[in-house]
Amino acid sequence: MNCRDWEDRIALYAGGDLAAAEAQAVERHVAACAGCQSLLGGLRGSLETLRQAHGEPVDAAHYAAVRARVMGQLERGLDTRWRHAWVYAMVVAAVALTVAVWPRPPESLLAPMPPAPVAPVAQVQVQVQPAEPVAHPAPHRMRPRKLAMKSPESAEPLVVKLYTNDPNVVIYWITGSKGE
Amino acid sequence: MKTLALVAMAEAVGGPAARAADRAAFEAVMRRQERLVLVTALRLLGNIEDAKDASQEVFLRLYRNLGKVERESNFQAWLYRVTVNVCHDQGRKRKRTVPLEDVPDPASAAADPHQSATGAERQRVLHMSLRALSGKERAALVLRDLEGLSTEEVARALGSSEATVRSQISKARVKMRDFVERYFRRRV
């Protein structure tokens, strides 16, 4: 195993992220390897500096600024929601009012129609006599009837007679089969 | 968490009075969690104005998800996860990563750069080294080495496995150390 293979484990060791057995293996290697001693020293140094650099407290004014921005945004957002709620309420009220005053069809159209009066039927004596047996002719096949279609050319012209107020004037309008 | 439940209840019940009480309760929740959110965002983004924007978004998401968060077994893990996600989205929009090759030349040269570097300069270099990491590596390193979460807690906050988080942490530490070494080597 060369030093490249130790690099990840030494990096974890520098931050105290190795289990005891692995940590001991790293310690044994580092004790015998000048290059990895240098790597470990550099890792520890940079970690320490990083922690110092980020250890400074943040100014309280920054926290207050964030809080003010968030609360301001929530206020604006809630106001908008309440304004929208009023709009929705007005729309619902308008729809309800429209339905209430909408002209309805007369009741007579909506009411069910009464049954038509039935005229009394005189009682008729019907005497049924047994009919004589009738010899049915053999069924024959029915041929489809051909409809006699007159050709348009043979149709008679249409004559339209128009009377006017003047009894002496009568207008005849004679049209051909094609309407000319 | 009790306050969170009350806030969620007020939100569900509705009405102006309930909402006013709900906002006061929510502000109390925010006061308790603001350090976690703002400092984590600052460490991830490296800029206080960006961190404030991110914190604002995190708390608005918290307000919108009060019912859901109330059911979360680990409220802080939820907050860390949302903070990391918001910072990731914000960082992606602004593209503020610094490739190792783009490390600026040091202002002055000295025989022993590590000794002569001022504290302020070293801090600046460390900030730059964080920005040179990928988003996931940076999040893992910040939560583990700066926020002091355990590997298991980091994995829960990031929605990853512990093995993945350990790999990200080790790579991030090595990259950060390489960045610092490279910077000071160029001073010689």
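**Helix packing and the core**

Analyst: Start with α1(A) and α3(A), which pack at an angle of about 35 degrees with their axes 10 Å apart. Axes are lines fitted to C-alpha atoms, for helices over the stretch in contact, and angles run from 0 to 180 degrees between N-to-C directions. Helices (H or I, at least four residues) and strands (E, at least two) are DSSP runs, numbered from the N terminus. This is a predicted model: local features need pLDDT of at least 70, side-chain atom pairs count only at pLDDT 80 or more, and totals for chains, interfaces and linings use all residues. Residues are numbered from 1 along each chain as its sequence is written, with chains lettered from A and ligands numbered from 1 in the order in which they are written.

User: Which residues of α1(A) and α3(A) make the contact?

Analyst: From α1(A), they include A:W6, A:I10 and A:A14. From α3(A), A:L39, A:L43 and A:L47 are among them. Contact means C-beta atoms, placed from the backbone, within 7 Å.

User: Switching to the interface. How many residues does each chain put in?

Analyst: Chain A gives 28 residues and chain B gives 33 residues. On the chain A side, α1 (3–14), α3 (34–53) and α4 (60–101) each supply at least two. α4(A) gives the most, with eleven residues.

User: And chain B itself, how many helices and strands?

Analyst: Ten helices and zero strands. Of its 188 residues, 39% are buried. Buried means 20 or more other C-beta atoms within 10 Å of the residue's own, exposed 12 or fewer, and partly exposed in between, with C-beta atoms placed from the backbone.

User: Which residues have the most contacts inside the largest nonpolar core?

Analyst: A:I10, B:A41, B:A140, B:L143, B:V154 and B:L158, in a core of 62 residues. Such a core is a set of buried Ala, Val, Leu, Ile, Met, Phe, Trp, Tyr and Cys residues joined through C-beta atoms within 7 Å. Helix α2 (residues 16–45) of chain B gives the most to this core, with eleven residues.

User: What is B:L143 in contact with?

Analyst: Beyond neighbours within four places in sequence, B:L143 is in contact with B:Y80, B:L149, B:V154 and B:A157.

User: Which residues of α9 in chain B are buried?

Analyst: In α9 (residues 151–158), the buried ones are B:V154, B:A155, B:R156, B:A157 and B:L158. B:G159 follows α9(B), with a positive phi near 70 degrees.

Definitions and conventions: Two residues are in contact if their C-beta atoms, placed from the backbone, lie within 7 Å.
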